[in-house]
Amino acid sequence: MKVSVITTDEQISLNVQPGLTLLDHLKHNEVYVSSICGGVGTCHKCRVKIENGFLPIRDIDHKAFSSEELKEGWRLSCQSRPRINCTIRVPSVENLRLQPRTLLRDITLYDPVIVCDLGSTGVVVGIGDGYDAVSIEVHLLNKQIRYGADVMTRLHSAQRFGVKALQDSLYKTLRQCLKVLEEKDPENYSKAVKKPIICSGNSAMVSFLQNFDITPLAVSPFQPEHTKKTQSHLDSLIIETPPLLGGFIGADTTAVLAYMFDLKIPTPYMMIDIGTNTEIVFLTSDGKIIFTSTPAGPAFEGGSITKGMRAEPGAISKLKYENNEWHFETIGHDTPKGICGSGLIDAIAQGLKNKLIEQDGFLKESSLQFCERVYLTIDDIREFQLAKSAIRTAVDMLIDRANEKPQKIYLAGNFAENLNQDSIKLIGLLPPDIPMETIGNGSFKGSFTLATKPYIVCNQFYEHVDSKKQHIELALQDDFQERFVHHLNFHEIEYESKLTQ
Ligand code: FES
């Protein structure tokens, strides 16, 4: 039996095996369809449209589509098992074809190294003499995305398909990036590959890369099998992962700390990397390194939001409400197709400020309608409240355990770069009275710090971090539940109104 698949740039034919879902087939044939929930039928993102033939309507399809859309042929690919030949179309927004994006800088390198930041969503590989002298960066969507959007869904996929499948995906992503580096700058590439490639990523990414048993990380108390620095081979190259801090806080956070230590930032301060798994570290004035992570879920990346999408062309990324009208910008000035994380944060902040959303998240109207195709429902606001509270609760608990206030909060990661800080304060994602600053991709920068320092210095740094670290497991703290419920509401809007009175 054959299924013909039409994507934005090609038409391919799949041989369908009985028992597998259409999403499984699409994944195996590298047609990338958004599948945030990993195929369990809750995210409603794996939409495909029947152009020819027949796919039965399942109960879950009724939850995901209107009767009009079902009549038009829309189905969830994770729930569909083709029984006859058919042709389906994968819509452009959902079809994530992988093309590397390359940034070139005209810099002469003297002692080049290669480093890699393995994000759950995107991977960045670069060649340079240090974080401030990077001649090429290659950005690519992590091919593991087809195994789920967040760390937990990927871990479940690893239990289902084997860690090797996730490792292979990551290897493919890395090989594609490295090939671009080699093609663009063969001379520096050949010098740099003589040294280990430092690869930083969260605990799950490192475990997938090194093919570790992920069982201990997938079940309570969620600890990785290994936390030490590890070396292995990718083809003829040596890849090295820095030590993990513990729990889901991995080598990426160790790398960010290397970068912050190198900058000699005065303590006390806090570092936050906002994402589906948000990592938070507090550096106290007496040298302690208190850390935690919180599963904020995919809302900030547009997942679990009805009209949510990644920060791609057509995503509403900035919003303002003025004179009873929504004004917005989309990425690439494209036709609005959905809303991404930064747009979502602006929308909620503006909704609160203009009293379209109440302090408890209740909507005055049935939805916030930004344009014909893009809106937020009450369920989207609820989803956002859960994500917001997960982060704010973790931040407050770390401040409480440190018993002092940070002088500053440093926001790492590309997501934070695009956020409006006023909106962050208005929605209460972070304490409004603490100054904040973005530091960009700290994990990538810190990987350069580690790759360019002598081994002995790196090992001393790892030993220092190991002796000072203190893991706070949120779920085990007595005050977690109470704080979490408290932060579901938008209390900061009161603070803001007092400031503006
Ligand atoms: S609903 Fe199909 S992957 Fe989430």
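Two strands pair if DSSP finds at least two bridges between them, and strands themselves are DSSP runs (E, at least two residues), as helices are (H or I, at least four), numbered from the N terminus. Keep this in mind for the exercises below. The model is predicted, so local features need pLDDT of at least 70 and side-chain atom pairs count only at pLDDT 80 or more, while totals for chains, interfaces and linings use all residues. Residues are numbered from 1 along each chain as its sequence is written, and side-chain values use heavy atoms, with hydrogens and water left out.

**Exercise 1. Find the residue in S4 that stands opposite lysine 49.**

Step 1: Go to strand S3, residues 47-52, which pairs with S4 in the antiparallel sense over three bridges.

Step 2: Now step back to the open sheet, where five strands run in the order S2-S1-S5-S3-S4 with mixed pairing. Strand S2 (11-15) and strand S4 (74-76) stand at the edges with a single partner strand each, so one side of each has no neighbour in the sheet.

**Exercise 2. Work out whether asparagine 441 is buried or exposed, and what its side chain contacts.**

Step 1: Locate asparagine 441 in the loop between strand S22 (436-440) and helix H14 (442-452).

Step 2: Its relative accessibility is 12%. Buried means under 20% relative accessible area, exposed over 50%, and partly exposed in between (1.4 Å probe, protein chains only). Asparagine 441 therefore counts as buried.

Step 3: Its side chain makes a polar contact with the side chain of aspartate 117 at 3.0 Å. Such a contact is a pair of N or O atoms within 3.5 Å; within protein, one must be able to donate a hydrogen and the other to accept it, and residues adjacent in sequence count only if both atoms are side-chain atoms.

Step 4: A polar atom of the asparagine 441 side chain also lies 3.1 Å from the backbone nitrogen of phenylalanine 444.

**Exercise 3. Describe the salt bridge between arginine 105 and glutamate 137.**

Step 1: Recall that a salt bridge puts a side-chain nitrogen of Lys or Arg within 4 Å of a carboxyl oxygen of Asp or Glu. The whole structure holds 18 of them.

Step 2: For arginine 105 and glutamate 137, the N to O distance is 2.8 Å. Arginine 105 sits in the loop between strands S6 (101-104) and S7 (113-118) and glutamate 137 in strand S9 (residues 133-141), so the pair ties together parts 32 residues apart in sequence.
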